[in-house]
Amino acid sequence: VGNLSLRRLCGQQVKTVVDGSLPGPTIQAREGDKLIVHVFNTSPYNITLHWHGVFQMFSGWSDGPAYVTQCPIVPGSSYTYKFYVTGQEGTLWWHAHISMLRETLYGALIIRPGLGRSYPFPKPEQEVPILFGEWWNANVVDVEKNFTTFGGLSRLSDAFTINGQPGDLYPCSERETYKLNVIQGKTYLLRLVNAALMSHLFFKIAQHNFTVVAVDARYTKPYNTNVIVIAPGQSADVLFTANQPLGNYYMAAHPYFPTPIEFQNGTTTAIVHYIGASLTSTPLMPVLPDFSDTPTAHKFYSEVTSLTTVNNPHWLPVPQVVDENMFITFGIGFEPCGGTCVGPLGSFFKFSANMNNISFVLPSTISLLEAYHEGVQGIYTEDFPDHPPLEFNYTDPNVALALPLLVIEKKETRLKRLKYDSVVQIVLQSTALVTAENHPIHFHGFDFYVLAQGFGNYDPISDPKNFNLVSPQQRNTIAVPINGWAVIRFRANNPGVWFVHCHRETHVPWGLNMAFIIEDGPTPSTSLPPPPMDLPPC
């Protein structure tokens, strides 16, 4: 991990990257493999790397979120991540999990079937990682320091990217636009990752259709669509067939962003070039949905279902008996800043965020996992509430500036303890406090079943009637609908401390996070092992 001068958008910027490339190197493995990744930090910043979506069964010390499972790798030092990839196949990814450095510190992590097994779909002609990102004409460490210190919104990015390049519609970018050469009549597997820091994205290829075969490294029933919607942190495996006349076709992505605030509204492009077509003809451009097209986004997010046949050996039926029920609200709020900030309510309040009215703060002297494992007191409490402290009309826009509900007096580090192998069901409820958003919520340590999604306030009487308990999609990151809710269920069978957070990068320092402690199982083989010898000190 080191700094490198890169040219984008007509200028040079010094960025932090892995092995001198953007995106970073693709890691390829087979299901059941053990990965050993040696990380040497030659950058000027503290670093951790997170293996997004990897279960980390009994290897929580390698999960990577700073001050959750480890302290950072300081400049000039190193750490070795060791973990198995088991029980999952498809596209995941890795990224920095400290500050906003994942702007340029990310890459694909591809898990193919184990030896002797094949995909549950016809073998494609080629597999192609397509990673969506964002680019700032600025140092993102300074960008984060500015909005966390002074209390306002983050500076907007200057471009979206496909495989590190903004594409033809951005200035000074045409020469480096990513190009995929295809053979007419052949089928290709696109391994999509949304590594952007802020935005859900609509993605299309002009005059072509897709078949979704996996999301978040979980096989799906083949789902046909002409548009993909992908939230920050999510991945998807999609097939497309080059079945159009010889020519050039843009693949393009732009935001799905229904929140009425300013956002980066550019379009990133790459080119699908049919071999044999003219290299100079202008590519055809797809018509992308409107930025606020919630019906299209919800249709995609809610209609995908899991593949439950024998072709999916990692499918396990949904647990029918629930041991723990939780109801978690989340949204934006404010916190006092003593007259030193320039936030939206003047100099005395700055933006904050919360789950169940708890604005989470990470420790700075030890990781949560170390504190739990070593029994260190005073770092956290185990009283994260199962329900919000106040019931109200969560999605009523008239509550947006109801200050008594919003002002969070202090940050807290409150965790929720779960018994090993317990089954947990959570209602994730968006609120309209300050403004409504479509939050991408990421769970470390396990996937979950998405039983249902909807708009408005969750109804505990009528909405369970619509639960999919037969073939729900499985995810590690859920795009909770704007002004809506989602119900998820999972089995807590992975001992350790696991972070749950919004995958919009501004919202982590604001406090839209929490963490679970999962207790050890009854045997040494179902318990968290001791920390590795080279675990970075704080």
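Cys-10 sits in the loop that links strand 1 (2-8) to strand 2, and in this predicted model Cys-10 takes a positive phi of about 75° although it is not a glycine.

**Backbone**

- The peptide bond that joins Leu-22 and Pro-23 is cis, with an omega of about -5°.
- As background to both features, most residues other than glycine have a negative phi, and most peptide bonds are trans.

**Aromatic residues and charges over rings**

- Across the whole structure, a search finds 28 aromatic pairs.
- One aromatic cluster is made up of Trp-51, Tyr-79, Tyr-81, Phe-83 and Trp-94.
- The ring of Trp-135 has Arg-8 over its face, at 5.6 Å from the ring centre, and Lys-15 also lies over the face of Trp-135, at 4.7 Å from the ring centre.

- Five strands, in the order 22-30-29-24-27, form an open sheet in which the pairing is mixed.
- Strand 22 (416-418) and strand 27 (477-479) each have a single partner strand and stand at the edges, so one side of each is left without a neighbour in the sheet.
- On average, and with direction ignored, neighbouring strands of this sheet are turned by 20° against each other.
- At the edge formed by strand 22, three bridges connect this strand to strand 30 (residues 513-518), and the two run parallel.
- Within that pairing, Leu-418 has Ile-518 as its bridge partner in strand 30.

**The largest pocket**

- The largest pocket holds about 630 Å³ of space, and its lining consists of 25 residues, among which Ser-99, Glu-144, Leu-362, Val-508 and Pro-509 lie nearest the centre.
- At least two lining residues of the largest pocket come from each of strand 7 (90-96), helix 1 (140-150), strand 29 (496-502) and helix 5 (507-510), and helix 1 supplies the largest share, three residues.
- Sorted by class, the lining of the largest pocket comprises 13 nonpolar, seven polar and five charged residues.

**The largest cavity**

- How many cavities of 30 Å³ or more does a search of the whole structure find? The search finds one, and the volume of the largest cavity is about 70 Å³.
- The lining of the largest cavity is formed by 13 residues, and those that lie nearest its centre are Tyr-256, Tyr-301, Ala-479, Pro-481 and Ile-482.
- Helix 2 (294-303) and strand 25 (448-455) are the elements that give two or more residues to the lining of the largest cavity, and helix 2 gives the most, with four residues.
- By class, the lining of the largest cavity divides into eight nonpolar and five polar residues, with no charged residue, whereas the lining of the largest pocket includes five charged residues.

Methods:
Residues are numbered from 1 along each chain as its sequence is written. This is a predicted model: local features need pLDDT of at least 70, side-chain atom pairs count only at pLDDT 80 or more; totals for chains, interfaces and linings use all residues. Side-chain values use heavy atoms; hydrogens and water are left out. On a 1 Å grid over the protein atoms alone, a cavity is a set of points where a 1.4 Å probe fits but cannot get out, and a pocket is an open set with protein on both sides within 12 Å along at least five of seven lines; lining residues have an atom within 4 Å of a point. Grid points are joined across faces, edges and corners, and a volume is the space filled by probe spheres set on the points. Ala, Val, Leu, Ile, Met, Phe, Trp, Tyr, Cys and Pro count as nonpolar, Asp, Glu, Lys and Arg as charged, and the others, Gly among them, as polar. Rings of Phe, Tyr and Trp (its six-membered ring) pair if their centres lie within 6.5 Å; planes under 30 degrees apart count as stacked, over 60 as edge-to-face and the rest as tilted. A charge sits over a ring if NZ of Lys or CZ of Arg is within 6 Å of the ring centre and within 35 degrees of the ring normal. Two strands pair if DSSP finds at least two bridges between them. Axes are lines fitted to C-alpha atoms, for helices over the stretch in contact, and angles run from 0 to 180 degrees between N-to-C directions.
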